[in-house]
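Subject: Structure handover

Hello,

Here is the structure for your files. My notes on what turned up follow below it.

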Number of protein chains: 4
Amino acid sequence: MAGPCSAESEAQVMATAAAVKRGGAKVLRGGAFKPRSSPYSFQGLGEPGLRLLRDAADQHGLQLVSEVMDISQIDVMARYADIFQVGARNMQNFTLLRELGRTRTPVLLKRGISATIEEWLLSAEYVLAGGNTEVILCERGIRTFESYTRNTLDISAIPVVKKLSHLPVFVDPSHGTGRRDKVAPMARAAVAAGADGLLIEVHCDPDHALSDGAQSLLPSQFDRLMAELRIIAPAIGRSICLETVARRGWGV
Amino acid sequence: MAGPCSAESEAQVMATAAAVKRGGAKVLRGGAFKPRSSPYSFQGLGEPGLRLLRDAADQHGLQLVSEVMDISQIDVMARYADIFQVGARNMQNFTLLRELGRTRTPVLLKRGISATIEEWLLSAEYVLAGGNTEVILCERGIRTFESYTRNTLDISAIPVVKKLSHLPVFVDPSHGTGRRDKVAPMARAAVAAGADGLLIEVHCDPDHALSDGAQSLLPSQFDRLMAELRIIAPAIGRSICLETVARRGWGV
Amino acid sequence: MAGPCSAESEAQVMATAAAVKRGGAKVLRGGAFKPRSSPYSFQGLGEPGLRLLRDAADQHGLQLVSEVMDISQIDVMARYADIFQVGARNMQNFTLLRELGRTRTPVLLKRGISATIEEWLLSAEYVLAGGNTEVILCERGIRTFESYTRNTLDISAIPVVKKLSHLPVFVDPSHGTGRRDKVAPMARAAVAAGADGLLIEVHCDPDHALSDGAQSLLPSQFDRLMAELRIIAPAIGRSICLETVARRGWGV
Amino acid sequence: MAGPCSAESEAQVMATAAAVKRGGAKVLRGGAFKPRSSPYSFQGLGEPGLRLLRDAADQHGLQLVSEVMDISQIDVMARYADIFQVGARNMQNFTLLRELGRTRTPVLLKRGISATIEEWLLSAEYVLAGGNTEVILCERGIRTFESYTRNTLDISAIPVVKKLSHLPVFVDPSHGTGRRDKVAPMARAAVAAGADGLLIEVHCDPDHALSDGAQSLLPSQFDRLMAELRIIAPAIGRSICLETVARRGWGV
C-alpha cells in the first residue's frame with residue numbers, strides 16, 4: 001500500500017498513483033479527511049479528494065484505502081474506498097469501530113500512539129464482534145521519550161501479534177519515523193520481522209506536499225526499496241505480493 | 001465534581017449524590033455511555049442512566065457532567081447534562097470537538113493518555129474556534145513505564161498550563177492513579193500545585209461497582225479529603241468553592 | 001535541603017548558604033563532583049569545592065549533602081559531607097551502593113530517570129543489606145514523552161513508597177521540572193502528597209550559574225515557598241522542620 | 001557475538017562456546033560480574049567465571065566480550081577479555097567511561113534503558129576523548145509502557161546512529177525483548193535495518209540457566225537464525241562475517 005498522505009490535486013494524485021503502481025504496490029493510499037492536531041492546519045479536500053483518488057486507483061488497477069474519521073463519513077467513504085482506514089487517534093473511538101463492524105468492507109486499524117498491544121487487539125474485537133472479519137492491524141509507532149524520530153516504530157509488536165492473533169499485521173514506517181531517510185531501513189526491518197504488508201507514503205513532489213512531505217519517499221526511492229524487499233522476503237519463506245495477495249490483493 | 005464512574009441503579013445514584021453534596025461537591029459526575037477497552041465489558045445504561053443522574057442532581061442542587069462519546073450522542077446528552085465531558089480516548093476526535101464548538105454548553109476536555117500539553121491545548125482550540133469559550137481542561141494521568149499506578153498523574157502539567165493558557169485546569173486523581181488510597185494524596189497535591197478543580201469518583205458501595213470500583217472513594221473518605229483541602233487552599237491564596245464557583249459554579 | 005547545584009566560588013557558596021539558612025533549611029546541598037552528560041561541560045571543582053561547602057555549612061549550623069559518583073570518591077567525601085547523595089544515573093551502580101552500605105553515613109538515593117519503584121527499593125536494599133539503615137529515597141522525575149518539563153515529577157511515587165517501605169521519601173522539584181517557575185508549585189504538591197523532605201536548588205545569582213541556573217530559585221523565592229509550605233503541612237498532620245527533624249535533623 | 005548471559009560452570013561454558021562457533025559467531029559473550037536489580041539474585045562467578053570463558057574462547061578461536069561494572073574491575077577484566085562491555089545501567093557512569101578511555105581495548109557501550117540517542121553518543125565521547133577510538137554502540141531496548149516485551153527494541157536507532165556517527169552499531173535482541181521466540185525476528189529486523197553486528201544469548205540448556213534463561217536461544221535456533229541472516233544481508237549490500245570482520249573480527 002503506497003501513496004500520498006493527502007490528496008491535493010489531480011496532477012499530484014495521478015503522478016503518484018502511476019509511480020506506486022510501477023513500483024509494485026497493490027493498493028493506493030491517500031487521505032481526503034485529514035485529522036490534524038491543530039484546527040488551523042490543512043484539513044483535506046473532502047469528497048472531491050476521494051473522487052480523485054478513486055479515478056487514479058481505477059486507471060492503474062489499484063485498490064484504494066482511505067481514512068474514515070467518524071460514523072458520519074462512512075457512507076460517503078463506502079462509495080469510493082475498498083478499505084477503510086481507522087487512524088491512530090481513533091483506535092478507541094468505539095462508536096466508529098462498532099459501526100464499521102456492521103459493514104463488510106475491510107478495516108485497516110492503526111495502533112494508537114500509546115496503546116498497548118492488548119488494547120489494540122480489543123479494539124479489533126469491536127469490529128470483529130459486529131461480524132466484519134476483515135481486519136488488518138497496522139503498527140505505526142508509539143510515543144516514547146526519544147525525539148530524533150517522530151515516534152518509535154515498535155517492530156517487536158509484529159512477532160508479538162503474530163503469536164496472539166490470526167489477523168494480518170501491516171507496518172507504516174512513514175508515520176512511524178517521520179523522516180524520509182528512515183523509511184527504507186524500517187520497511188526492510190518490518191518485512192524481516194514478519195510483517196504481512198506495508199503502508200508507505202510516496203509523493204511525486206514531497207517538498208511541496210501540504211502535509212507530511214518530510215516523510216514521503218520519492219518514486220525512485222520507492223522502487224529501490226521494493227527491490228530490496230524482494231531479497232529479504234525469502235529469508236522468512238515468503239515472496240513479495242504473492243501469498244497474501246492471492247487471498248486479499250495486497251501485501252507481502 | 002464528584003460521583004460514580006457509571007450510573008448503575010437508582011439507589012446507587014441517589015445515595016452517592018447525597019453523599020457528595022454533603023461533602024461539598026458542586027457538580028455530580030457520572031457516566032451513561034461508557035467507553036471500555038473491551039466490547040465485552042459493561043457499556044453503561046445509556047439514556048435511562050442519564051435520567052437517573054439528572055434526577056439525582058436536581059434533588060441535591062448539583063450540576064451534572066457526563067461523557068459524550070460521539071456526535072450522535074450530543075442531542076440526547078444536551079437534554080440532561082450541564083457540562084459535556086470529552087474522554088481521554090476522544091481528545092483527538094476532531095469531528096466531535098468541532099461539533100461541541102457549535103454548542104454553548106461547557107466542555108470538560110480530558111487530556112489523552114499520551115497527549116503532549118501542546119496537543120491538548122490544540123484540541124481545545126477545535127472547540128474554542130467554533131465559538132464555545134467554556135472549555136475546562138482536565139489532567140487524568142499519562143502512560144509511562146511505571147505500573148504501580150494505572151497512569152502517572154502529571155501534576156506538573158498544572159503550572160505549565162496555567163502559564164500557557166487562560167483555561168481552568170482540573171485534575172482527576174481517580175483515573176490518574178487507579179487506586180483508592182492514592183486519590184487523597186494526589187487530590188491534595190493537585191490543589192497545592194494550583195488546580196482549579198477536581199473530578200473525583202465516589203461510590204456508596206465501591207466493592208460492588210460495575211466499573212472502576214477500586215479507585216472510588218467511600219463517602220467518609222471524601223468528607224475527610226474535603227476537610228484537608230480546605231486547609232491547603234489558603235496556601236495558594238484561594239478558598240475551596242468560592243472564587244471560581246462564583247464565576248462558574250464549581251471548583252476550588 | 002537547599003543550596004546550589006555546584007560549588008563555584010567562595011562568595012557564591014557563602015551567600016547561598018546564608019540565604020537557605022535564613023529561609024529555614026536544615027541541610028546545605030551542593031556538588032563538587034558533577035556528573036554531566038557531555039565530557040565537555042563543567043565537571044565541578046572537586047575537593048576544593050567540598051571544602052568551601054563544609055566551611056559554609058559549619059558557619060551556618062547546617063549539615064552538608066553532596067554527591068559521590070564512584071567508590072574512589074567515598075573517602076574524600078566522608079571527610080566533608082554528613083550525607084552521601086547517589087545520583088539518578090548511579091541508582092544501579094551496585095558496586096557503589098554495596099560500598100556505601102559498609103559506611104554508617106546516611107545515603108540520599110535518587111530514583112533513576114526510568115527506574116520503576118520496585119527497582120528503586122531494590123537498590124536501597126543494596127545499602128541496607130550492608131548494615132547501613134540510614135537511607136533516604138529521593139524522587140527527581142522520570143522520563144516521559146512530555147517535553148515542556150525536563151522530566152515528569154512522579155508525585156504519585158510518594159504515597160506508593162509510603163505504603164511499601166518505612167524509608168523517608170524526599171522530592172527534588174528542581175531537577176524534576178528543570179524550570180524555576182515550576183519549582184514552587186511542585187514543592188507544595190510534594191508536601192501535600194506526604195513527602196518527608198525536599199531538595200531544592202537555590203542560587204544567589206542563578207543567571208550566572210555554571211550549571212542548572214534555569215531551575216534554581218532566588219533566595220526571595222525560597223523564603224516565599226517556605227512560608228507556603230508552613231500552611232500546607234498541617235493539612236497532613238505535620239509541621240515543617242519539627243517531627244522528622246527531631247529524629248534526623250532535616251525534612252518536613 | 002553470542003554466548004550465555006552468565007558463566008555458570010565449565011560444562012555449560014564449553015558446550016555453549018562450541019555451539020556458537022559452529023553457528024558462525026566470531027566473539028563469545030558471557031558475564032562473570034552480573035549487575036542484578038536485587039542484591040539477593042545470582043551475582044556471577046567473578047574471576048573464576050572469566051577464566052572459564054577465556055579457556056572456552058581460546059579453544060574455539062573466538063574473542064571474548066564481558067561486562068566490566070566498575071573501575072576496580074578493569075585490571076582483572078583486562079587479563080581475560082578482548083572487548084569490555086559497559087552495561088545499560090552504567091552508560092552514564094562517567095568515572096568508568098573516562099577510565100576505559102585510557103585503555104586501548106575495544107568498548108561495547110550499551111544504550112541506557114531510557115537514554116536518548118544524544119546522551120548515548122555523548123557517553124561514547126567520554127571514551128573517545130581519552131584516546132580510545134574503538135567504541136561499538138549496542139542498542140538493547142528502551143523502556144516504554146508496553147509490557148508484552150521486557151523492553152521495546154528501538155530498531156530505528158540504527159539508521160539514526162548510522163547518520164550521526166561513524167561508530168558501528170550492534171543490537172542485542174535477547175535483552176531487548178526478553179523472550180526467546182522474539183529474538184530471531186528482531187535479529188533479522190536489526191540486520192535488515194543496517195546493524196553492524198548482533199549480541200545474542202545462547203545457552204545449551206536455557207531452562208536451567210541461573211539468569212535470563214527465558215530469552216536465550218537453543219543452539220539449533222541460533223543455527224537457523226544465522227542461515228536466515230545470510231539471506232537478508234545482501235539486500236543491504238553486505239555479507240555476514242566478512243567486511244566488518246576483516247577490520248575488527250566480528251559482526252555482519
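Starting with a cysteine: C:Cys204 counts as partly exposed, at 31% relative accessibility. The scale used here, with a 1.4 Å probe and protein chains only, calls a residue buried under 20% relative accessible area, exposed over 50%, and partly exposed in between. The closest cysteine sulfur to that of C:Cys204 belongs to C:Cys5, 14 Å away, which is too far for a bond. A disulfide would need the two cysteine sulfur atoms within 2.5 Å. Over all chains, the search of the whole structure finds zero disulfides. A:Cys204 is in none either; its nearest cysteine sulfur is that of A:Cys5, 14 Å away. A:Cys204 is partly exposed, with a relative accessible area of 31%.

Some ground rules. This is a predicted model, in which local features need pLDDT of at least 70 and side-chain atom pairs count only at pLDDT 80 or more, while totals for chains, interfaces and linings use all residues. Residues are numbered from 1 along each chain as its sequence is written, chains are lettered from A and ligands numbered from 1 in the order in which they are written, and side-chain values use heavy atoms, with hydrogens and water left out.

Chains A and B

Two copies of a chain are related by a rotation about an axis and a shift along it.

Contact means heavy atoms within 4.5 Å. Of the interface residues of chain B, 100% are also interface residues in chain A, so the copies meet through the same surface.

Chain B and chain A bury about 2400 Å² between them, with 48% of it on carbon and sulfur atoms. Buried area is the accessible area (1.4 Å probe) that two parts lose on being put together, summed over both. On the chain B side, B:Ser37, B:Arg89 and B:Arg143 lose the most area to chain A, together 20% of what that side buries.

B:Arg143 also forms a salt bridge with A:Glu119, with the closest N and O atoms 2.7 Å apart. The count between chain B and chain A is two salt bridges. The criterion is a side-chain nitrogen of Lys or Arg within 4 Å of a carboxyl oxygen of Asp or Glu. There are 17 residue pairs in polar contact between chain B and chain A, both residues at pLDDT 80 or more. A polar contact is a pair of N or O atoms within 3.5 Å; within protein, one must be able to donate a hydrogen and the other to accept it, and residues adjacent in sequence count only if both atoms are side-chain atoms.

Helices (H or I, at least four residues) and strands (E, at least two) are DSSP runs, numbered from the N terminus.

Chains A and D

Here 37 residues of chain A are in contact with 36 residues of chain D. The buried area is about 3000 Å², and carbon and sulfur atoms give 72% of it. In chain A, A:Phe145, A:Tyr148 and A:Ala235 lose the most area to chain D, together 20% of what that side buries.

Between chain A and chain D the count is four salt bridges. One of them joins the side chains of D:Asp181 and A:Lys163 (2.5 Å, N to O). Helix 8 of chain A gives the most to the side that touches chain D, with seven residues.

Other residues

C:Thr95 lies in helix 4 (residues 94-101) of chain C. C:Thr95 is buried, with a relative accessible area of 13%. Leaving out residues up to four places away in sequence, C:Thr95 touches C:Ile71, D:Met69 and D:Asp70.

D:Asp212 has a positive phi of about 60 degrees although it is not a glycine. D:Asp212 sits in the loop between strand 9 (200-201) and helix 9 (219-232) of chain D, and is partly exposed at 22% relative accessible area.

Best wishes
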